[in-house]
Amino acid sequence: MQSTPSDVEVPDVEIAVRRPDGAPLVRDYLQGQEPATSFFGGQFDDLERFRAKAQEIDGRFDRDARRLAADALTAPGGADPDRLHRWVEEGGLVVTTGQQPGLFGGPLYGIHKALTAVRLAEALESALGRPVLPVFWVASDDHDWAEANHVDIVDLDNELRHIELEAPDPGRSPPLHRICFDDSIEDRLDTFIRCLPESDFTAELKTLLRSAFREGGTLPEGYATLMRALLGRFGLYVTDAANGAVKRASGPILLEELSRSAASERVLTETASRLDAGGYDLQVPILEGGVNLFLEGDAGRERLYRENGEYRLRGSGAVVTEGDIRRRFEKDPRVLSPNVLLRPVVESAVFPALAYVGGPGEMAYFAQLGDYFESHGIGMPVVFPRWAATTVESKVRKVLDKFDLEISQLEQPFHELAGAIARDEMPHDVRAALGKMRGSVAKGVAELQSVTRPLDPTLKGPVQHVRSQTFAALDDLERKVTQAVKRESEIALSQLEKARVHLYPGGKPAERVHNVFYFLARYGVGFLDALHARFEVELR
C-alpha cells in the first residue's frame, strides 16, 4: 500500500464529481449567498480568509504548542521523517476532517473527506508558503454502536450485502474505543472477504483487513489502520479522539466548558435565534440545561445536564458534582469527552486548524458555532465542503445508455423508474393507437353533447359519465399493456435494478452506502489516485 500516486486513469470507470447537496443553509453557503455566509465568516474559497485565519492561529500557537500538537499525530508510513519536524519549526498549520469509525472502513464518503482535505492542504501549502498537513480525526469516543457496527458492499452477484456486528452489551453505550472485538469479528470478516473478487489486488487487501480487524482490537483502531494504509501515501496524518496526547491537550478546554456551561448555552441559543431569523433550521438543537460534555457512567457515555448546582447523567440518572468529575478526569482523561458542538472547538484548541473539511450535515452545525468559538478565545476554522463522487463502471454505463438515463434518475423509487421505462418502451404503434382512440372518444363525446343539448340539457351528465367510463377503461387498458411490456422487459429491468444498486442503493447516494474495498479489489489503489486527481481545489 506504499506505492506513489501515479496513473490517475482507471480503465472502464468514470468518476462524476460534485459538491454534496444539503439543507438551504448549506446550499446558500456553497453559492456564496447571504445571510448564510455570515454564519461561516465568509466564503469557503476566499484565500484571504485562510491568510487571516493563519494569523489568528499564530497568535495562539507557538513552537511548544505545535510540538505538543505533533505528539498527537500519527505520521503516514513512508513519510519524510523530517516533515513533522519542519512543520513544528516553520509554523505549520493543519486542515482537519474526520469521521466516526466504520466496520471495514465504512461508507466511501469517509475516503472522499480525507482526499478533499489532502487536496486542500496541498493548495494551501503552495499558496501560503508554509507546511500544511491534512489530518484525519477518528471519532473514537463516539458511542453510537448502531451507526458504526456495519458495512454494506456489492457482492459477486451484484447484490448489496449488509454485514453487522452485534453489540457486546445492548444495555450500555460505552465509547467505541472501549469495546474490544470478540471472535465474531473473524466470521464477519470472512463474509466480507467472500464478497470481493479474486484479482491481482485481493491478496494484499485481505492481509490489510485481517491485520486491522482482529479479536481483541477495537473498531477505531481498525479504522485508523485502514486510513493510514490506504491514504498515508497522500500525506494524510491520523489522530484519535482518545489519544493520550489529545486528551492531555484538550483537558483545559473540557474542564473550562464544565464550569461555564450555562454561558455557553446562552451563546449557542443566541446564534440559534439568528439562524431562525435568517430562515434556516438548526442542525443540532440546543437543549435547556444541557452541557456540551459526556461523562462515562453506568449506562456508558452519558450526556451531562445541570441540576441544582450539580450534574445529572442523562442515561443512568446518577448525580455528580464538579469535583467528582474533575477527580475522575485526573484519574483517566478519557472519561470526559465533548459533544458534537464542542468537538470542533477542542480540535482547534489542540491543533492549529486552518480549515475543516465537512459534509452537508457538518457544515450545517458549524454555522451554529462562530460565536461559540469566539467565547473560547478561538477563531472558527474555514469550513470547506468535501467533494462527493459517483463512480460509474462500464457495465453500469451500458445500462444507463441503453435506457437513455442520467445518473440522478436512478435516485427515484425503483417501481416508479421501472414504470416510466416500461411506458417509454411501449411500441410506437400501440401508443399511437391508444392516442387515436382517446382523440376519437373526445371528439365523439363533443358531437354527442352538441346534438343532445337541444333535446334535453340534463343529458349532459350522462354523456360526461360515458366519457369518464370510456377514458377509465382506456387507462386500464394502457396499464395492462404496460404490464405486458414489463414482462417482456424483465431481463432489461433487472439490469436497471442492478445499476441502481451500484448508484443509488435504497435511494441513497452510493458514497453513503458502498465500501471502498469493492473498488480496490477490482481496480487497485489506482482508484484512489483517480479520486485524488479529480478532487481539485481552486482558491481565489
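Begin by selecting helix α10 (residues 219-231), which lies across β2 (93-99), β3 (132-138) and β6 and runs at about 150° to β3; helices here are DSSP runs of H or I with at least four residues, strands are runs of E with at least two, and both are numbered from the N terminus. Angles run from 0 to 180 degrees between N-to-C directions, with axes fitted to C-alpha atoms, for helices over the stretch in contact. This is a predicted model, in which local features need pLDDT of at least 70. Residues are numbered from 1 along each chain as its sequence is written.

Next, show the open sheet of 5 strands in the order β6-β3-β2-β12-β13, with parallel pairing, where strands pair if DSSP finds at least two bridges between them. β6 (237-240) and β13 (382-385) stand at the edges with a single partner strand each, so one side of each is left without a neighbour in the sheet.

Then select strand β14 (residues 388-393), where 6 of the 6 residues are buried, so the strand is largely enclosed by the rest of the structure; buried means under 20% relative accessible area, with a 1.4 Å probe and protein chains only. Strand β1 (residues 13-18) pairs with β14 in the antiparallel sense over 6 bridges, and Ala 16 stands opposite Thr 390.

Finally, display helices α17 (residues 394-402) and α21 (residues 490-503), whose axes come within 9 Å and cross at roughly 125°.

Methods
Predicted model: local features only at pLDDT ≥ 70, side-chain atom pairs only at ≥ 80, totals over all residues. Heavy atoms only, no water. Buried < 20%, exposed > 50% of the residue type's maximum accessible area, 1.4 Å probe, protein only. Contact = heavy atoms within 4.5 Å.
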